[in-house]
Protein chains: 2
Amino acid sequence: MRDFDEHNITDAVIDRFGDTPDPRLKAILDSLVHHLHDFVRDVEPTFDEWIAAIGFLTRTGQMCSESRQEFILLSDTLGVSMLVDAINHRMPEGATETTVLGPFYLDNAPHFASGADIAVGMAGEPLYCEVAISSANGTPLAGAIVDVWQSDSEGFYDVQRTDLDESKLRGRFTADDQGILRFWTITPTAYPIPHDGPVGQMLIATNRHPWRPAHLHFMITAAAHEPLVTHVFVDGDQYLESDAVFGVKNSLVDPYPVQAPGVAPDGRVMDGRWRRLDYKFGLKPMPA
Amino acid sequence: MRDFDEHNITDAVIDRFGDTPDPRLKAILDSLVHHLHDFVRDVEPTFDEWIAAIGFLTRTGQMCSESRQEFILLSDTLGVSMLVDAINHRMPEGATETTVLGPFYLDNAPHFASGADIAVGMAGEPLYCEVAISSANGTPLAGAIVDVWQSDSEGFYDVQRTDLDESKLRGRFTADDQGILRFWTITPTAYPIPHDGPVGQMLIATNRHPWRPAHLHFMITAAAHEPLVTHVFVDGDQYLESDAVFGVKNSLVDPYPVQAPGVAPDGRVMDGRWRRLDYKFGLKPMPA
């Protein structure tokens, strides 16, 4: 086949993928070519705009390193990550909604016993958490494994700080026989996504800010259930309506109610203001 | 706005670009989000497929260097480059069709007088070219500047060979008062696009070959006309129907007729087989 024009080239390219052995790969490439060509026909880029797009994608790839994934940031800020998340987590009644994993999860977080303080000395407003893990139908999930991680009072995760020689504000717990666990930490704060690269340039060029509203991250696993990756956001945060990565869902916003000085549930005497979070997570059972 | 789901997130992201000062950038991003989200909804990628796509794009960016542009190769092999070319070159009657520039153009090619041999000693089948440059209405374009470049008898461009200390098979000419120029070279050969990177992996995974059919490249500029970037392909090449970058157009295929031994038009005595190319190029006038 020769003599492609702006109308017939799409079928010609799809045709060229006709011998792809893997049917799933073939379906993905067919759809990609279809939608990508429609986009080009829609905007009719000039040669200079096409070169600018090539340059943006190149710089995005070259910004990536062991500790930075700029294409995930691009996916996040274009709403693609949350769309992929939504498609993969159509949840039954009673199951907690999901949101993005984010770039700061570590799979080797330190283990703590229930009741521990994961702030490990980091300054901030004290926060007492009691979370309950159950199946979507309400059955408690004894022994569920719960990873928690979060930003500090200045908006940084421990992995972003070069002055730390141990994990902070990050821990792994095992739920008790009732599927409950309790821990101390500090109230998380809002923070900007990394914005010194091509994605940051896109945000500036479009008058968008890079901020995410304050939240605790949770990853919860239990036998015979799908892993749950989600956040619990702090109500009242100024960025709840404009999260740079579109991650907020109403069911994941909690008041983290402020508590007066006094005695905390575990007997700790609180001289100043503190908060607590009580939250129930429901996990989606695996297909039988 | 919160509580995005797989249906309403597209409008939410487009909304977020609502304060983009440059209306053209806003239109491009709106269309990008629309088509990109439609693609995701269409294929419903798993989390692992999404991560695989992120990894492919990252490796494509990291393959790029001063002398290699892997995102342009990706654009070429997905038919996007030729689509952008077609959209930007809707040609009037009498104007030569365009095709891709390719990665081997140099803007500082050596100047030659009409009649010169740009092979400069490179072995191959001799080829005598006489090309005529006119406006789309047939008026000769005296003084048009013509860049020619091509692969050698083994399928390489001079810039790909580390053993050369000067340009070969590449030159810049000025057309005479009748818009004519003549030169000697060798017959070009088919060659593979660079396929040792992510794009090559895509071609292997989809049972596609990396070959381009043999062609001479031309870039022609003349006062008051749009620059013309095109190829003239050699008829009979086995890859004319399956050019890896979708660049072939019937009007750009020429037989390069084989000539018997004898005397060439400029008096050169030819002991063996040779070819000639006679081709007329028409340039599109600039808007008045």
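This is a predicted model: local features need pLDDT of at least 70, side-chain atom pairs count only at pLDDT 80 or more; totals for chains, interfaces and linings use all residues.
**Stop 1: helix H2 of chain B**

Select residues 23-43 of chain B, which form helix H2 with its 21 residues. From the first C-alpha to the last, H2(B) reaches 30 Å, close to the 30 Å expected at 1.5 Å a residue. Now show the side chains of the buried residues of H2(B): B:Ile28, B:Leu29, B:Val33, B:His35, B:Leu36, B:His37, B:Phe39 and B:Val40. What do the buried residues of H2(B) pack against? Within chain B the partner is helix H1 (9-16), and from chain A there are helix H2 (23-43) and helix H5 (80-88). Step just past the end of H2(B) to B:Glu44, where phi is positive, at about 45°.

**Stop 2: the side of chain B that touches chain A**

Color the two chains separately and select the contact residues: 63 in chain B and 64 in chain A. On the chain B side, the elements that give two or more residues are H1, H2, helix H3 (47-63), helix H4 (70-77) and helix H5 (80-88). Which of the elements gives the largest share? H2(B) does, with 15 residues. Coloring this side of chain B by class gives 36 nonpolar, 15 polar and twelve charged residues.

**Stop 3: helices H3 and H4 of chain B**

Keep H3(B) and H4(B) on display and draw their axes, which come within 7 Å and cross at roughly 125°. Angles over 145 degrees count as roughly antiparallel, 65 to 115 as roughly perpendicular, and what falls between these two ranges as oblique. H3(B) and H4(B) are therefore oblique to each other. To see where the two helices meet, select B:Thr60, B:Gly61 and B:Met63 on H3(B), then B:Glu70, B:Phe71 and B:Leu74 on H4(B). By class, the residues of this contact are three nonpolar, two polar and one charged.

**Stop 4**

The same surface serves both copies, since 100% of the contact residues of chain B recur in chain A.

Methods. Residues are numbered from 1 along each chain as its sequence is written. Chains are lettered from A and ligands numbered from 1 in the order in which they are written. Helices (H or I, at least four residues) and strands (E, at least two) are DSSP runs, numbered from the N terminus. The expected span of a helix is 1.5 Å times one less than its number of residues. A residue is buried if 20 or more other C-beta atoms lie within 10 Å of its own, exposed if 12 or fewer, and partly exposed in between; C-beta atoms are placed from the backbone. Two residues are in contact if their C-beta atoms, placed from the backbone, lie within 7 Å. Ala, Val, Leu, Ile, Met, Phe, Trp, Tyr, Cys and Pro count as nonpolar, Asp, Glu, Lys and Arg as charged, and the others, Gly among them, as polar. Axes are lines fitted to C-alpha atoms, for helices over the stretch in contact, and angles run from 0 to 180 degrees between N-to-C directions. Angles under 35 degrees count as roughly parallel, over 145 as roughly antiparallel, 65 to 115 as roughly perpendicular and the rest as oblique.
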